[in-house]
Amino acid sequence: MGDIDDNHVGVDINSIRSNMSRTASYFTRAGKTEPLSLESGSTIQAWIDYDGIDRVLNVTISPTSAPKPTRPLISREFDLSAVIQESMYVGFSSSTGKSSSSHCILGWSFSTDKSPARMLDLSRLPPLPRIADPSSDLKSKLMDLKSGAIAAIATLLSVIMIIFVALYIRHRLKLAETLEAWELECPHRFCYKDLYKATNGFKDKGIIGHGGFGRVYKGVMPGSRESVAVKKISSCSNQGTKEFVAEISSLGRLRHRNLVNLLGWCKRGRDLLLVYEYMRNGSLDSWLFDTGKTQHVLDWDRRMGVLRGIAAGLVYLHEEWEQVVVHRDVKASNVLLDGEMNARLGDFGLAKLYEHGKDMRD
C-alpha cells in the first residue's frame, strides 16, 4: 500500500495509504537520531499533538526508558476540519498479517485544551498479558509480542488522534461562532477565527483604508499565506443582514481583470466582513492627490490606461455578466491599482443587481 518500509510510523486520513510516514526513530536531547524497532517487543510510548489553529500535527515516539523527545518524528500541516464530524464513534481497531498476533494498549491519556495531556505513570502500567498457546514455542511467542507492539502503536496513533481532534474541534466551534441556518446556504463564507488571525486581531496598525461603512485591514490568510484586504463593516449599517449577504454571495461570482475579486464574507454578531484581493498599490485617489507620485508614476499614458480599465470593468458589469450590476459608487477611492498599476474597480457595498432588460427605475 505504498509503505516506505516494514518499520515505520504513518498518518492515514480516510485511507489505508499514508499521507505522511517516517521510519520509526526518535531524537535524543543532543539532537541525535536513534532507530527504534517496532518489533523489538519493548514497550513504546507515542504522543500525538494537534494544533487546531495552525493546523499542525506532531507525532512523537520513544522507548519508555527515554523522556519525551523535544523534536517530533512527524510534523506536518493537516486541515482536519473537513474530516471530523459533529457526532462520531471512536474506538480501537487492529489487523493481523499471515500469523496470529495480539495487540496491547497499556495506557493512554489526552487533553482537549492547550495544556499537555497528563503524563502516564509507567510504574502503574500492567504487564503484557501472557497468551496461552500450548502449540507455540518460544519463537512464536516472541513474534506475537512483536506484532502486538506494532499494532499497539498504530492503533494508539489513530484512536488518540481521532478523539483529540474531534473533541478539540467541537470545543472550538462552540466557542467561535453561532451560525444561523441561512448562513449555511450562502457560499464563499470565511471562518471568523481565520480572518481574526489573518489580520492579527484587527489591530489599528493593520488598517490600510477607511470607508463610509467601516475600516479595511490588510491580512495574510493562514495556511495559503495569500494577502487579502478585509473590510469590516460597521454594525450601525441599516442594510438588512440576510439581504446584504445574499447580494454579496452573487457578486462573489464576478470575475474580470478590471474588478477587485470579492473572495468571500463573514458575519460575526452584528458585524459584517468582506474579503477582497489585496491591491499592492492602493487606491487611485492616493496617487492623484500625492504630487510626488503623480509626477513620477501617474503620467498621461497611465491615466489613460486606468480610464480604459475602469470602462472595461463597467462594460462587463452592465452587459457581459449574467445579471446587470449597477455599481452606484464609482469614484477614485474605489478604484484600486494592482502591482502593475492596472485599474481594478472595487467596493460593491452599494451595488444593485438587475435582470437584463428590466427597467432599473423600478
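How much space lies in the second largest pocket? In this predicted model, the answer is about 910 Å³. Let's start our tour there. The lining of this pocket is made up of 46 residues, and those nearest its centre are Ala46, Trp47, Ile48, Ser109 and Ile160. Strand 5 (44–51), strand 6 (56–63) and helix 1 (138–176) each give at least two residues to the lining. Helix 1 provides the largest share, with nine residues. If you sort the lining of the second largest pocket by class, you find 27 nonpolar, 13 polar and six charged residues.

Now let's turn to the aromatic rings. The structure has four aromatic pairs. One of them joins tyrosine 192 and phenylalanine 202, whose rings are stacked, 6.1 Å centre to centre with 25° between the planes. Tyrosine 192 belongs to helix 2 (residues 192–198), while phenylalanine 202 is in the loop between helix 2 and strand 8 (207–210), so this pair ties together parts that are ten residues apart in sequence. Both tyrosine 192 and phenylalanine 202 are buried.

Phenylalanine 202 also pairs with tyrosine 217, this time edge-to-face, with 5.3 Å centre to centre and 80° between the planes. Here the link runs from the loop between helix 2 and strand 8 to strand 9 (residues 214–220), with the two partners 15 residues apart. Like phenylalanine 202, tyrosine 217 is buried. Ring pairs join Tyr192, Tyr196, Phe202 and Tyr217 into a cluster.

Elsewhere, look for arginine 71, whose charged end sits over the ring of phenylalanine 27, 4.1 Å from the ring's centre.

Methods. Residues numbered from 1 in each chain as written. Predicted model: local features only at pLDDT ≥ 70, side-chain atom pairs only at ≥ 80, totals over all residues. Heavy atoms only, no water. 1 Å grid on protein atoms, 1.4 Å probe; cavity = no way out; pocket = protein on both sides within 12 Å on 5 of 7 lines; lining within 4 Å. Points joined across faces, edges and corners; volume = space filled by probe spheres on them. Helix = DSSP H or I, 4+ residues; strand = E, 2+ residues; numbered from the N terminus. Nonpolar A, V, L, I, M, F, W, Y, C, P; charged D, E, K, R; others polar. Phe/Tyr/Trp six-rings, centres within 6.5 Å; stacked < 30°, edge-to-face > 60°. Buried < 20%, exposed > 50% of the residue type's maximum accessible area, 1.4 Å probe, protein only. Lys NZ or Arg CZ within 6 Å of the ring centre and 35° of its normal.
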